[in-house]
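Biologist: I am new to this model and would like to go through its salt bridges and one of its helices. Please show it first.

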Amino acid sequence: MYQAPIDDIAFTLRHIVGLDRAMAEGRAGDLSDDLLDAILAEAARFAEGEIAPLAAGGDREGARFADGRVTMPAGWKALYHAWRDGGWNGLSAPVDHGGQGLPLSLAVAASEMWNGASMAFGIGPTLTMGAIEALEAHGSDELKDRYLSKLVSGEWMGTMNLTEPQAGSDLSTLRTRAERSGDGTYRIFGQKIYITYGEHDLTENIVHLVLARLPDAPEGVKGISLFLVPKFLPGEDGALGARNDAFCHAIEHKLGIHASPTCTMIFGDGRGDSGEPGAVGWLVGEENRGLACMFTMMNSARLFVGTQGLGVAEAAYGKALAYARERRQGRSTLLAKDRAEPASRDMSPIIEHPDVARTLLTMKALVGAARAIAYSCAHALDQAAQATSEDDARVWRERANLLTPLAKSFPTDVGVDVASMGIQIHGGMGYVEETGAARLLRDARIAPIYEGTNGIQAIDLVTRKLPQSGGEAVRAYLSELSDIAAEAGGRNEPGFAALAQRLNESLADLTEATDQLLVWLGEGRTGDALAYATPYQRLFSLVAGNCYLAKGALAETEGTARLSLARFMADTLLSETGGLKRQVLTGVEGLNAAREAL
């Protein structure tokens, strides 16, 4: 059963990300030490006691589709209502519309626990939170007044409708069309696929945000508009009225997240209550500027998808650790401290076998690094919102921009890798469904794919985020990471000097690769820069994640567990950085030469 890592979550927020300092300086809303502890404790209680017990049953039963309706697994509707009534949906939402206005980093921490308990459950509210952000930033006052309070409370849920059969990552080819109605509304016609929670019975209304193209729109992505299309049309008083012409046609049969309905949506085929074809929609933002509006939602979704990978990784690590402590097999080869022979001649818990211990430490280090990157991205968004000057806001926005592709890609890759290691720790028992280890890997596998594949995140990192402010944004960030290594090098306590040396070596690898990419981009050699963008993204994430673990070790006041973990990661995982750098610097020639082999 899932056990939330409250101590690690709180420590990362306070001492690695910097929430303690933000609270002290009044840059964390109404959050206080006591409130932070209370929220994390209650989130852990709900995740462990309410969500986790329904995860396996939800996976077995799955969401069911019949006659245009989706029925969620047994107990899930009551579960969602309990979660909603607890106020969790509005944790970081705007106060003006019923939210609590608390830091996004706290909402991300809570989301880790929801997804650790059940990714199929945790993914649903993610889209609603993104819809809230998009409407708050781009919606008209009328749309905000009519929809935001219901979305913030969780009474209604939101979705994001981008993908079409012929338009996946390339939205320039989407065909869903919108027609002006002459009364300020629009009629939407088309098909969308892979729509998470596009239909369900958890809430009485679902608010779809739909990308579509007007008849006179420019070609390509510059001709895309964003529309709000509710399942039921609310009246002036907010009461639900006619059924809109927006229906689920089918749900996908998937590798994992079985309880999360992944829908094919049809807009405008004449099945609505009016009998007239066309789903009624309202423009969000400006005509032909929909992609900018949608990216507000997508950036939030990417961070929360990263948190899904993080939650699954933590769950897989916790499950594997508990199993390794209980499962006995073979004699331990670890030596007792005072004898040159194994501590016991009896069968030993497998955690005492060196290879198992190494695997578990690898899992723990990856989870800790991924958590720090995701939380740091959320913290940067918080600080941008709390900034008192435009210059300060710009710096924090650029930091959040830089970290977003890392916060999406690294934790989701870690989710898959750690869940796979968890199965290995379980041995044959991991490959069967009884232990639940297999479900975690099945669930985790989608996260590196949706909301922009991790390869697309690497393209975004290299072509859009590195050049911010002429490269100064990334250089400032690398300088901060170097400061962490320097502080570690200045500590006289055993272990810090070796840690600092390894961090500095890997920072040099990252800096050299970054400088070369910026040169290529400046020379217009985009193809060279992108050839090994994905290895660069991993290089960046490993170095940043290990520096964050070192920062945690520097803040440690009792024991040396965090220092030991940071050193373990530096001695093992950071050994990759030299090879990753070489791929970035010299790999393009080999790649081009080898293409004939494809």
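Biologist: How many salt bridges does the structure hold?

Modeller: This is a predicted model, where local features need pLDDT of at least 70, side-chain atom pairs count only at pLDDT 80 or more, and totals for chains, interfaces and linings use all residues. Residues are numbered from 1 along each chain as its sequence is written, and side-chain values use heavy atoms, with hydrogens and water left out. With a salt bridge taken as a side-chain nitrogen of Lys or Arg within 4 Å of a carboxyl oxygen of Asp or Glu, the number held is 38.

Biologist: Which residue forms a salt bridge with Glu112, and where does that partner lie?

Modeller: The closest N and O atoms of the pair are 2.7 Å apart, and both residues are buried (under 20% relative accessible area; exposed is over 50%, partly exposed in between, with a 1.4 Å probe and protein chains only). Glu112 is in helix 5 (residues 104-117), 259 residues from its partner. Helices here are DSSP runs of H or I, at least four residues, and strands are runs of E, at least two, numbered from the N terminus. The partner is Arg371, in helix 9 (residues 354-386).

Biologist: Where does helix 19 bend?

Modeller: Helix 19 covers residues 577-594, and its buried residues include Leu580, Val584 and Val588. The bend is the angle between axes fitted to the seven residues ending at a residue and the seven starting there. For helix 19 the angle is about 65 degrees, at Thr586.
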